[in-house]
Amino acid sequence: MALTIAVDGPAASGKGTIGRALAERFGLGYLDTGLLYRAVGRRMLDGEAPVAAARALCAADLEAEGLRGPEAAEAASRVAAIPEVRAALVDFQRAFAAREGGAVLDGRDIGTVICPDAPVKLYVTATAEARAARRFKELVGQGHATSFEDVLADIRARDARDAGRADAPMRAAEDAVHIDTTELDVAAAIARAVAEVAARQAGGADG
Ligand SMILES: Nc1ncnc2c1ncn2[C@@H]1O[C@H](COP(=O)(O)OP(=O)(O)O)[C@@H](O)[C@H]1O
Ligand SMILES: Nc1ccn([C@@H]2O[C@H](COP(=O)(O)OP(=O)(O)O)[C@@H](O)[C@H]2O)c(=O)n1
């Protein structure tokens, strides 16, 4: 059976960095599911009703300007608390997960809701300060005018909303392997994740 890897965790913990590296290393497709919620959030900021926007989401929406910025992130986390928005995005994510050749999906509820049967689940964390420092550096590099304090406050508010919502809250699946990247650089974090996947694959081959 094709390999599915679920990568969940809070904002700027390194999910995408790890997810993309795993996809490349193991020859799998990669889906950043946060981009779907960011695209719905973007359409809401443009005046559309979020549920209608989620139902009408198309590939071009994922190419929209500014999806990686803080405004879209904040809007994403607001629309992500609406059950009908989440429901509208489930089929696309599950179809991607089932693609021939296997897939890595990163998000908040991949291991718990979207792919509860994924054979490999990672939950990537880091302290809020470490995450804010990384996101701040990334945003400044993209030309956003912001401060470390604002980024930290945004991340804390978003984490609280994502973990506190009733429908598919952000949390680790019981069978997820936790990777704390606070003290790991990118290469070390990727190496940890690759080792976990390899170990699970070796274990799976026996059973
Ligand atoms: N282990 C790490 N150490 C330092 N910086 C990292 C690490 N992992 C990711 N980054 C950087 O932090 C930022 C956020 O990483 P990203 O993978 O996009 O996080 P997420 O997908 O969880 O939001 C990026 O600029 C990325 O290059
Ligand atoms: N599977 C997912 C992915 C993202 N999201 C929401 O979308 C927002 C943006 O997700 P993201 O992964 O792009 O955010 P970052 O971790 O990159 O900051 C999150 O704060 C969540 O509210 C979600 O609810 N479920």
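**The annotated binding site and its surroundings**

The unreviewed UniProt entry lists Gly9, Pro10, Ala11, Ala12, Ser13, Gly14, Lys15, Gly16 and Thr17 under "binding site". UniProt positions follow the numbering used here, feature names are shortened, and annotations may be inferred rather than shown by experiment. The structure is a predicted model, in which local features need pLDDT of at least 70 and side-chain atom pairs count only at pLDDT 80 or more, while totals for chains, interfaces and linings use all residues. Residues are numbered from 1 along each chain as its sequence is written, and chains are lettered from A and ligands numbered from 1 in the order in which they are written.

Helices (H or I, at least four residues) and strands (E, at least two) are DSSP runs, numbered from the N terminus. Ala11 is buried because 24 other C-beta atoms lie within 10 Å; the cut-offs are 20 or more for buried, 12 or fewer for exposed, and partly exposed in between, with C-beta atoms placed from the backbone. Leaving out residues up to four places away in sequence, Ala11 touches Arg131, Arg135, Ile155, Arg158 and Asp159, contact being defined as C-beta atoms, placed from the backbone, within 7 Å.

Ala12 belongs to the loop between S1 and H1 and counts as buried, with 25 C-beta neighbours inside 10 Å. Beyond residues up to four places away in sequence, its contacts are Arg131, Arg134, Arg135 and Ile155.

Pro169 sits in the loop between helix H8 (148–164) and strand S5 (177–180). This residue counts as partly exposed because it has 16 C-beta neighbours inside 10 Å. Pro169 and Arg108 are 61 residues apart in sequence, and their C-alpha atoms are 7.3 Å apart in space.

Notes:
Contact = placed C-beta atoms within 7 Å.
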